[in-house]
Amino acid sequence: MIVALLALPLAGALFMLVPPRRYGVRGTGRPAAGADRADRADRYAGTVGVLVSGLTLLVAAFAAATFDHRHPERTAHVIDVSWAAAIGLRFHVGVDGASLPLVVLTALLTFLCLLYLRWADHATPHGRPLVGLVLLLEVGMLGTFVALDLLLFFMFFEAVLIPSYFMIAIGGGPRRRTAAYTFIVSMLLGSGVLLVGLMIIATKGGTLDMVMLARRHGAGMSHATQVAAFLLVGLGFAIMAPLWPLHSWLPGAHTEAPVVGSVLLAGVLLKMGTYGLIRIALPMAPAGARVWAPWLGLLAVVGIVYGALACLAQRDLKRVIAYSSVATMGFALLGIATLTPAGANAALFGGVAHGLIIALLFFLAGAVEARYGTGDLDALDGGALPSHVPRPAWALTFACLAGLGLPGLAGFWGEMLALLSAYRPGPGLSRPAFVTFMAVGGVGALLTVACFLRPLVRLTPRAGAETVTRGGTSAGAGAGTATGTVADTGVASREGGRPVPDVRPHEYVIWVPLIALTLIAGLWPKTLLDLTDGPVRALLGGG
């Protein structure tokens with residue numbers, strides 16, 4: 001099961017290395033045969049990517065369906081075989097209730113991203129390489145969530161960096177090189193300290209087995225060793241999470257990446273940081289966690305407020321969404337800092353909810369840019385989603401309401417549970433300090449509401465608003481070359497006068513599952529919380 005989950009996207013990524021002529025894609029013989037052949041090759045690669053990611057999603061769904069939901073703390077679909085006996089390395093993988101939702105989320109978002117690449121009606125530069133990078137990225141993300149060996153975990157954790165870098169560097173916007181360089185430097189620095197921390201845990205613990213190390217809860221390691229190990233491991237994961245002020249790579253990477261890159265970076269990669277803290281840092285160095293938890297909580301609430309304020313200052317739609325991630329992930333980090341099962345459950349639930357909501361927001365941002373050639377909120381003020389195309393406006397309204405934490409939608413539960421867990425932090429932590437963190441986080445939650453209402457007000461029409469004529473040329477990855485004009489009718493027109501449709505068929509296929517899952521998770525949070533609670537209590541030593 002797990003082998004198929006990893007092998008399918010890896011095989012698909014390797015297939016993208018095959019020259020197009022080898023799998024029968026040829027030009028038409030016309031003068032532009034070279035360009036035509038490249039376009040046909042990209043579309044063929046896109047079709048292969050959709051099929052491969054669809055099969056991977058089916059495997060993930062089957063793994064979820066056959067999982068023992070009555071005992072989610074038990075690891076299922078386990079493979080444990082010797083890989084490199086000389087260094088004690090084993091191919092040890094499996095899923096439990098903490099990792100399974102993230103596995104399914106990763107498979108779902110990858111599938112939707114490849115659907116977007118295949119059926120988006122605008123030209124996508126570097127189509128075939130981009131499909132290969134997405135599939136290779138999926139291997140690393142899935143491997144991180146199923147790995148049960150420290151060194152194997154680190155290898156998968158690192159495997160996401162190179163495809164992420166090239167996805168930003170070759171498929172991104174005008175400042176893509178700077179964004180890609182900042183991303184890779186930040187990640188490599190984090191990886192260095194993470195590796196040192198993991199090796200301390202493995203050396204002092206006498207094993208690379210994550211299951212065994214988690215069960216020991218730091219036994220065999222001195223207090224000083226645990227303090228050092230948690231600091232190093234925590235820093236490595238905090239950069240990925242991202243924790244303020246280690247977030248500097250995020251705005252540029254999310255903004256300059258192509259739409260599919262933004263979706264996967266925000267929707268999945270950030271969760272690798274919080275997942276690593278829950279899976280490794282908290283159970284394997286609990287004494288160190290108690291020392292550093294107040295500092296983690298402090299930086300988390302600063303990040304909540306900072307992210308919301310920075311979000312309010314942005315003019316570009318993708319940068320608004322990017323900074324909102326800093327604020328939202330701050331709630332997850334605050335929950336982790338409480339060292340309680342409730343806080344860890346809040347982080348896992350909030351991570352899944354954020355993945356669904358942020359993916360929808362970035363897909364909608366891509367739809368706006370594809371239609372109007374810009375994501376500048378000032379240029380689009382009141383005219384981007386006119387009444388003639390109501391469905392994207394409804395989708396954006398839903399996504400923004402979910403993002404600001406409206407009760408009944410998925411975004412509410414992660415924030416609320418994180419704040420409640422801060423009211424009663426774990427043993428050994430200062431309750432007055434964490435109650436203060438809760439109050440500051442509550443202020444940040446109010447600022448987050450304004451953060452999401454601002455683009456909603458800017459992009460949707462207002463009654464009695466003056467009609468403005470604007471023109472723009474597509475910019476950034478995947479925007480194509482068509483020009484769009486918001487005429488006095490409020491309807492955008494493509495080159496040649498062809499009106500922009502309300503919602504295209506592939507957009508329904510992408511948006512509807514995200515909207516439905518966001519609503520389901522918001523109305524029935526117990527389903528997901530029951531899945532994560534058992535593993536979390538076992539990891540934290542509470543049962």
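Is Cys113 buried or exposed at 0% relative accessibility? Cys113 counts as buried, because its relative accessibility is 0%; here buried means under 20% relative accessible area, exposed means over 50%, and partly exposed lies in between, with a 1.4 Å probe and protein chains only. Before we go on, please keep in mind that this is a predicted model, where local features need pLDDT of at least 70, side-chain atom pairs count only at pLDDT 80 or more, and totals for chains, interfaces and linings use all residues. Residues are numbered from 1 along each chain as its sequence is written, and side-chain values use heavy atoms, with hydrogens and water left out.

Let us stay with the cysteines. The structure holds one disulfide, a term that stands for a pair of cysteine sulfur atoms within 2.5 Å. Its partners are Cys311 and Cys451, with an S to S distance of 2.1 Å. The torsion about their S-S bond is about 65 degrees, so this disulfide is right-handed. Because Cys311 sits in helix H12 (residues 286-312) and Cys451 in helix H17 (residues 431-459), the pair ties together parts that are 140 residues apart in sequence. Helices in this text are DSSP runs of H or I with at least four residues, strands are E runs of at least two, and both are numbered from the N terminus. Both Cys311 and Cys451 are buried. What about Cys400, and which cysteine sulfur is closest to its own? That sulfur belongs to Cys451, but at 8.8 Å it is too far for a bond. Cys400 also counts as buried, because its relative accessibility is 2%.

Strand E1 (residues 76-84) and E2 run antiparallel and are joined by six bridges; two strands pair if DSSP finds at least two bridges between them. Strand E2 (residues 89-95) is mostly covered, with five of its seven residues buried.

Another salt bridge pairs Arg70 with Asp68, at 3.6 Å from N to O. Here Arg70 is exposed, with a relative accessible area of 72%, whereas Asp68 is partly exposed at 26%.

A further salt bridge, at 2.6 Å from N to O, connects Lys526 and Asp530. Both lie in helix H19 (residues 525-539), four residues apart, about one turn of the helix. An α-helix has 3.6 residues a turn, so residues three or four places apart point the same way. Lys526 counts as exposed at 58% relative accessibility, while Asp530 is partly exposed at 41%.

Finally, turn to helix H7 (residues 176-205). At 1.5 Å a residue, its 30 residues should span 44 Å, and its end C-alpha atoms are 42 Å apart, which agrees; the expected span is 1.5 Å times one less than the number of residues. Just after H7, Gly206 takes a positive phi of about 75 degrees.

Definitions and conventions
A salt bridge is a side-chain nitrogen of Lys or Arg within 4 Å of a carboxyl oxygen of Asp or Glu.
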